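Keep the viewer open as you read.

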Amino acid sequence: MKIKTEIDDIYPYTFDSSNMKGNADIIYIPQNIEELKQAIIHNNNNNIKMSIAGAGTGITGSRVPNGGAVISTENLKKIIEYNENYVIIEPGVTLLELDKFLEQNNKFLPPNPTEINASIGGNIATNASGARTFKYGSIRDWVEALEVIFADGDSIYIERNTIFSEDGIFKFTTNNQQIYEFRAFEIGMPNIKNASGYYLKEKMDLIDLFIGSEGTLCVFAKIKLRILDKPQHTFGAIIFFDNNDKLLDFVTIIRNYSLINNKLNYKDVNDISARLIEYFDENSLNLLKSKYPILPNNTIGALWVEQEYNYQNEEAILSKWQDLISHYTNLSNETWIALNDTEHEKLREFRHELPLQVYKKLTNNSQKKVGLDTAVPTINFPTLFRYYLEEFPKLNFQNVIFGHIGNSHLHANIFCKNENEYNEAIEIYNKVINLSLQLNGTISAEHGIGKLKKQYL
């Protein structure tokens, strides 16, 4: 067990990527699961509050401590077990480390949360999602089992489809033979991408209560994830548009095609079947121009799409994408295409460069950011989308809007130079929150609540 008590050593554990600042008295860095339990038991027995820290990539202040102890999972990186259908890992394994391991075995984790340096424990704690969530759902859908440790050090190993609530009541026995019985109130979960508060519904699986609980109910010790074979081939494209209405129409039509065809094995599909649909607004593209000067000058937005396919169907699929693209944009000749690993990596780098540029801008200019993470039902998305298009150009500060348009979920980031601008941005933030709720949406689709959004929960 590594223990840190010096101020300089503690400091890196007192913030996350939200730039929210906190404080702590001591840092515990267990080297194995037994030491993790020991740290939890010691703090619980001495009535010391605990904050669980993953990789620090969260942007809602979830891991930011308000005094007490921080328990970091950074060295819990074992890949405990692997077979062709699943992998069992410790919570400190990062998404990048897991991806590299699976790549060697020609496997992949389908949801693909965006931040590759995030820990898998953090992904489970926030029910993370990413670009491929459009086809594959959030990481919740791929968690097969969890070993969870409670605040007193007791634990339970939960396999999916083994413990369900009956008449709203959960009852289970821990490894120390402690019997828990409690009611899980049904709260009417929105039927959209959602990471706002506990997952609670009728006849629910116990494992889902802990996924997305943001470190408030337990610590994850072991995580079992279902995995898939890598697809034989993948088509990718970044498509540039000169008209926002046509861009939205394009999203609608490929979403409708995909919702039907994604139910089939990709090897049998010879039609449009996107696994991701990602959006960049004009400001986002302008922010990227310094690194990508070849970006078209007359574009008002772009989409990044991918589709898995069988090589025998390549010609038919590419032809249908080409016809559709040329019908909805006059910039079809500017489309960037990816058909091999090198080309796909360039498109992924382009997508990941945007949050990097946002962070660089904030750091270089000592700016604060107000970031929206709302999602709404697809039928109501055009209202939210047009609100962004009409109202955000009127703002006096720079902003960028990008993200998972296939899931009717966008990230709108507002940059603030001073406290007055920040307060004004919060007013805009509140307006979008209220509009999203009026449209039967959610305040957070993937980042969680943390400490920054508690007042909205």
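Contact here means heavy atoms within 4.5 Å of each other. With that in hand, please note that this is a predicted model.

**Helix α9**
- Helix α9 covers residues 314-328, and its 15 residues reach 21 Å from first C-alpha to last, close to the 21 Å expected at 1.5 Å a residue.
- Its buried residues are Glu314, Ile317, Trp321, Leu324, Ile325 and Tyr328. Because they cover an arc of only 110° around the axis, they sit on the same side of α9.
- An α-helix has 3.6 residues a turn, so residues three or four places apart point the same way.
- What do the buried residues of α9 pack against? Their partners are β14 (233-241), α7 (244-261) and β16 (301-309).
- On the face turned away from the buried side, α9 carries the exposed residues Glu315, Gln322 and His327.

**Helix α2**
- The 13 residues of helix α2 (residues 33-45) should span 18 Å at 1.5 Å a residue, and the end C-alpha atoms are 18 Å apart, which agrees.
- Ile33, Glu35, Leu36, Lys37, Ala39, Ile40 and Asn43 are buried in α2.
- Strands that these buried residues pack against include β2 (26-29), β8 (143-149) and β12 (219-226).
- At the start of α2, the backbone nitrogen of Glu34 has a side-chain oxygen of Asn32 within 3.2 Å.
- After α2 comes Asn47, with a positive phi near 55°.

**Salt bridges**
- The count of salt bridges comes to 20.
- One of them joins the side chains of Lys193 and Glu446, at 3.5 Å from N to O. This pair links distant parts of the chain, 253 residues apart: Lys193 is in the loop between β11 (179-183) and α6 (206-210), and Glu446 is in the segment after α12 (419-438). Both Lys193 and Glu446 are buried.
- Asp271 forms a salt bridge with Lys320, with the closest N and O atoms 3.9 Å apart. Asp271 lies in the loop between α7 and β15 (276-281) and Lys320 in helix α9, so the pair ties together parts 49 residues apart in sequence. Lys320 is partly exposed, at 35% relative accessible area.
- Arg275 and Glu306 meet through their side chains in a salt bridge of 2.8 Å, N to O. Since Arg275 lies in the loop between α7 and β15 and Glu306 in strand β16, this pair ties together parts 31 residues apart in sequence.
- Arg275 counts as buried at 5% relative accessibility, and Glu306 is buried at 2% relative accessible area.
- A network of salt bridges links Lys135, Arg275, Glu306 and Glu308.

Terms used
Residues are numbered from 1 along each chain as its sequence is written. This is a predicted model: local features need pLDDT of at least 70, side-chain atom pairs count only at pLDDT 80 or more; totals for chains, interfaces and linings use all residues. Side-chain values use heavy atoms; hydrogens and water are left out. Helices (H or I, at least four residues) and strands (E, at least two) are DSSP runs, numbered from the N terminus. The expected span of a helix is 1.5 Å times one less than its number of residues. Buried means under 20% relative accessible area, exposed over 50%, partly exposed in between (1.4 Å probe, protein chains only). A polar contact is a pair of N or O atoms within 3.5 Å; within protein, one must be able to donate a hydrogen and the other to accept it, and residues adjacent in sequence count only if both atoms are side-chain atoms. The arc is that of the directions from the helix axis to the C-beta atoms. A salt bridge is a side-chain nitrogen of Lys or Arg within 4 Å of a carboxyl oxygen of Asp or Glu.
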